[in-house]
Amino acid sequence: MTKLLTMLALLSYASTCVRLLCYRRGLANYRIHISLVAWLLIVFTGTCALEILLGHGHPSFGQAGIALTLCLLVYRAQGNVANIVRGIQ
């Protein structure tokens with residue numbers, strides 16, 4: 001069970017980080033506070049993925065659930081953090 005939770009959290013954090021890194025703004029307005037939140041999410045999810053990959057992090061059931069939920073939100077919003085902050089429409 002622990003290996004399953006670890007892999008679930010690792011894949012969730014890594015895919016969230018990659019999806020946010022690959023986001024293209026297009027015609028959307030630039031907002032500095034949303035960009036800061038997106039940057040922080042990239043840094044934190046990437047750091048968590050690296051910690052797990054290097055063996056320093058051991059996610060619990062709750063942490064793996066939060067990672068998966070965040071991953072689903074980011075993919076549903078197509079990487080647009082503004083949609084997550086204000087609610088996906």
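Because the model is predicted, local features are given where pLDDT is at least 70 and side-chain atom pairs count only at pLDDT 80 or more, while totals for chains, interfaces and linings use all residues. Residues are numbered from 1 along each chain as its sequence is written, and side-chain values use heavy atoms, with hydrogens and water left out.

Two packed helices are described by the angle between their axes and the distance between the axes. Here helix α1, residues 2-21, packs with helix α2, residues 32-53, at an angle of about 145 degrees, and their axes are 8 Å apart. Helices in this account are DSSP runs of H or I with at least four residues (strands would be E runs of at least two), numbered from the N terminus; their axes are lines fitted to C-alpha atoms over the stretch in contact, with angles that run from 0 to 180 degrees between N-to-C directions.

By class, the residues of the contact of α1 with α2 divide into 14 nonpolar, four polar and no charged; Ala, Val, Leu, Ile, Met, Phe, Trp, Tyr, Cys and Pro count as nonpolar, Asp, Glu, Lys and Arg as charged, and the others, Gly among them, as polar.

Two residues of α1 may be looked at in turn. Thr6, in helix α1, counts as buried because its relative accessibility is 18%, the limits being under 20% relative accessible area for buried, over 50% for exposed and partly exposed in between, with a 1.4 Å probe and protein chains only. Leaving out residues up to four places away in sequence, Thr6 touches Ile52 and Pro59. Ser15, also placed in helix α1, is partly exposed at 22% relative accessibility, and beyond four places in sequence Ser15 touches Cys71 and Tyr75. Ser15 and Cys71 are 56 residues apart along the chain, yet their C-alpha atoms are separated by 7.0 Å.

The largest pocket holds about 360 Å³ of space. A pocket is an open set of points on a 1 Å grid over the protein atoms alone, with protein on both sides within 12 Å along at least five of seven lines, and its lining residues have an atom within 4 Å of a point; the points are joined across faces, edges and corners, and the volume is the space filled by probe spheres set on them. Of the 19 lining residues, Tyr23, Arg25, Ile34, Ser35 and Ala38 are the closest to the centre of the pocket. Helices α1, α2 and α4 (81-86) each supply at least two residues of the lining, and the largest share, five residues, comes from α2. The lining has eleven nonpolar, five polar and three charged residues.

Helix α4 contains Ala82, which is buried with a relative accessible area of 8% and, apart from neighbours within four places in sequence, is in contact with Arg31 and Ile34. Leu36, found in helix α2, is partly exposed at 48%, and its C-alpha atom lies 10.0 Å from that of Val81, 45 residues away in sequence.

Finally, the loop between α3 (61-76) and α4 holds Gln78, which is exposed with a relative accessible area of 55%. Most residues other than glycine have a negative phi, but Gln78, which is not a glycine, has a positive phi of about 60 degrees.

Methods: On a 1 Å grid over the protein atoms alone, a cavity is a set of points where a 1.4 Å probe fits but cannot get out, and a pocket is an open set with protein on both sides within 12 Å along at least five of seven lines; lining residues have an atom within 4 Å of a point. Contact means heavy atoms within 4.5 Å.
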